[in-house]
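Have the sequence and the 3D view open side by side as you read.

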Amino acid sequence: MANPPPATGARLMLVFTVTPALDPRTVEAAVRAGDVACVVLRAPVGEKLDAARLAEIAAAAQRHDAAVLLEGSEGLVAAAGLDGVHVAAGPALDSVLRLLKPAAIVGAGGLVTRHEAMVAGESGADYVAFGALAPEAGDFFRVRDLVEWWAELFEVPCVGVASTLDEVTALAGAGADFVALSDALLASGDGAAKVVAAAQARLATGDDAQ
């Protein structure tokens with residue numbers, strides 16, 4: 001089945017933690033279920049990732065034209081054939097930008113203040129992302145407000161992280177260029193592909209379609 005045609009407005013990003021249970025076929029099916037621009041892979045807390053395992057998962061998304069980024073570390077990007085990194089703003093971001101740009105994508109993530117966002121945007125990051133990739137209760141309203149503020153003033157693309165389908169709709173309405181579906185949201189339905197399809201319907205219609 002071919003990817004659905006791109007919707008106007010926001011595109012999707014998918015967040016997956018690379019646990020032993022994560023099947024590349026799950027990632028591929030999810031990417032095919034919507035207009036997915038990017039997949040962000042995360043390491044489980046306290047664990048290291050294997051380049052061969054990352055490469056297998058990344059290939060499942062890349063064959064459908066989705067970029068694949070690794071959260072946090074640039075060390076495995078080349079070895080695993082990834083497209084770039086999603087890294088927290090601050091000294092780490094500056095270091096990664098020097099190492100990887102312009103050959104790779106570097107996104108600035110975890111932004112929680114306007115000042116952090118402006119510094120990251122001016123640094124040369126390819127996008128700014130508001131909210132943690134694993135959102136906590138109460139994060140959403142701050143994330144939505146930051147997305148709305150950024151979208152009105154700046155050209156650098158912005159990402160809002162959603163943990164529910166209602167948040168997908170709200171973040172797209174606030175002007176997000178990309179809406180990231182958190183790991184928890186992707187695991188909340190009858191499969192990641194169905195969640196992506198439901199989120200895509202929200203983006204396409206701007207309402208509560210599921």
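How do the residues of the lining of the largest pocket divide into nonpolar, polar and charged? Keep in mind that you are looking at a predicted model. The lining has 6 nonpolar, 4 polar and 2 charged residues. To find them, begin with Phe16, Thr17, Thr19, Ala21, Leu22, Asp23 and Thr26, then go on to Asp183, Leu186, Ala187, Gly191 and Ala192, which also line the largest pocket. Its volume is about 160 Å³. Two elements, strand S1 (11–17) and helix H8 (183–186), each give two or more residues to this lining.

H9 covers residues 192–205, and the axes of H1 and H9 lie 8 Å apart at an angle of about 15°. Angles under 35 degrees count as roughly parallel, so H1 is roughly parallel to H9. The crossing of H1 past H9 is right-handed. By class, that gives 5 nonpolar residues, 1 polar and no charged ones.

H1, which spans residues 24–32, has another partner in helix H2 (residues 51–62), and here the axes come within 8 Å and cross at roughly 25°. That angle makes H1 roughly parallel to H2. This crossing, too, is right-handed. Pro24, Val27, Glu28 and Val31 of H1 make the contact with Arg53, Glu56, Ile57, Ala60 and Ala61 of H2.

Helix H5 (residues 114–123) packs against helix H6 (residues 140–153) at an angle of about 45°, with the axes 11 Å apart. H5 and H6 are therefore oblique to each other. H5 passes H6 in a right-handed crossing. If you zoom in, you will find Arg114, Ala117, Met118 and Gly121 of H5 meeting Leu146, Trp149 and Trp150 of H6. The residues of this contact divide into 5 nonpolar, 1 polar and 1 charged.

How values were computed
Residues are numbered from 1 along each chain as its sequence is written. This is a predicted model: local features need pLDDT of at least 70, side-chain atom pairs count only at pLDDT 80 or more; totals for chains, interfaces and linings use all residues. Side-chain values use heavy atoms; hydrogens and water are left out. Axes are lines fitted to C-alpha atoms, for helices over the stretch in contact, and angles run from 0 to 180 degrees between N-to-C directions. Helices (H or I, at least four residues) and strands (E, at least two) are DSSP runs, numbered from the N terminus. Angles under 35 degrees count as roughly parallel, over 145 as roughly antiparallel, 65 to 115 as roughly perpendicular and the rest as oblique. A crossing is left-handed if the near helix is turned anticlockwise from the far one by less than a right angle, and right-handed if clockwise. Contact means heavy atoms within 4.5 Å. On a 1 Å grid over the protein atoms alone, a cavity is a set of points where a 1.4 Å probe fits but cannot get out, and a pocket is an open set with protein on both sides within 12 Å along at least five of seven lines; lining residues have an atom within 4 Å of a point. Grid points are joined across faces, edges and corners, and a volume is the space filled by probe spheres set on the points. Ala, Val, Leu, Ile, Met, Phe, Trp, Tyr, Cys and Pro count as nonpolar, Asp, Glu, Lys and Arg as charged, and the others, Gly among them, as polar.
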